[in-house]
Amino acid sequence: MSPIHRQVSADVRAAVRAGLALPAAAVGAVLVLAGRSGRAARWQARVSGGRGWTGGRVLARAVLGLPLDAPALLVTGYALFNSVRNFGYPLWYLGTDYHQAWGGPAMAGVWAVHATGWALCLFLLLRWPVRWIARGQRALTVRLSDGGSPSPAARVAVPATA
């Protein structure tokens, strides 16, 4: 595996983990509020790593993580939606007048321009902002868990290089 492929794979894993942190925290909070603190603790340990989770710590992770988790969900959701839209440009816009679109008049040129432009946007959206958010989420998880380090999956999700 090439270093570039490895880095892209790590960035995608970090983005997925960051984007799913809010729904995972919501599930944990619902479990705690439903009186299932033990199950919530196991859920939190599974999705974010660490040890020593209690019902109170799971709720604290949900509340304190909200300023990080909400933007991560918005950015990754936006990226996913526009990835489908731009990489699938011929499927969405074939029946329209695409001859005046960027890269036109041929659909191949239009698709190439939109796919390349969105790939550059993805690089900017996922490369730094989501990585910074993921590092903040990981730091919060380590502080709220029993001082243990995150699980190996959580450590792999965010590359150590800037």
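**Reading salt bridges in a predicted model**

Q: Are aspartate 11 and arginine 127 buried or exposed?
A: Buried means under 20% relative accessible area, exposed over 50%, and partly exposed in between, with a 1.4 Å probe and protein chains only. By that scale, both aspartate 11 and arginine 127 are buried. Aspartate 11 has a relative accessibility of 10%. The model is predicted: local features need pLDDT of at least 70, side-chain atom pairs count only at pLDDT 80 or more, and totals for chains, interfaces and linings use all residues. Residues are numbered from 1 along each chain as its sequence is written, and side-chain values use heavy atoms, with hydrogens and water left out.

Q: How many salt bridges does the structure hold?
A: A salt bridge is a side-chain nitrogen of Lys or Arg within 4 Å of a carboxyl oxygen of Asp or Glu. The structure holds 3. One of them joins aspartate 11 and arginine 127, at 2.9 Å from N to O. Aspartate 11 lies in helix H1 (residues 3-19) and arginine 127 in helix H7 (residues 107-127), so this pair ties together parts 116 residues apart in sequence. Helices here are DSSP runs of H or I with at least four residues, numbered from the N terminus.

Q: Which residues are linked with Asp11 in a network of salt bridges?
A: Asp11, Arg127 and Arg131 form the network. The side chains of arginine 131 and aspartate 11 meet at 2.7 Å, N to O. Arginine 131 belongs to helix H8 (residues 129-144) and aspartate 11 to H1, so the parts tied together are 120 residues apart in sequence. Arginine 131 is buried too, with a relative accessible area of 2%.

Q: What forms a salt bridge with aspartate 69?
A: Its partner is arginine 61, with the closest N and O atoms 3.0 Å apart. Aspartate 69 and arginine 61 are buried.

Q: Where is confidence lowest and where is it highest?
A: pLDDT is the predictor's confidence in each residue, from 0 to 100. Where it is low, the predicted coordinates should not be read in detail. The protein has a mean of 83, and 90% of its residues reach 70 or more. Helix H9 (residues 152-157) is lowest, at a mean of 51, while helix H2 (residues 21-33) is highest, at 94.

Q: Which residues make the contact between H1 and H2?
A: Contact means heavy atoms within 4.5 Å. Arg17, Ala18 and Gly19 of H1 meet Ala21, Leu22 and Pro23 of H2.

Definitions and conventions. Helix = DSSP H or I, 4+ residues; strand = E, 2+ residues; numbered from the N terminus.
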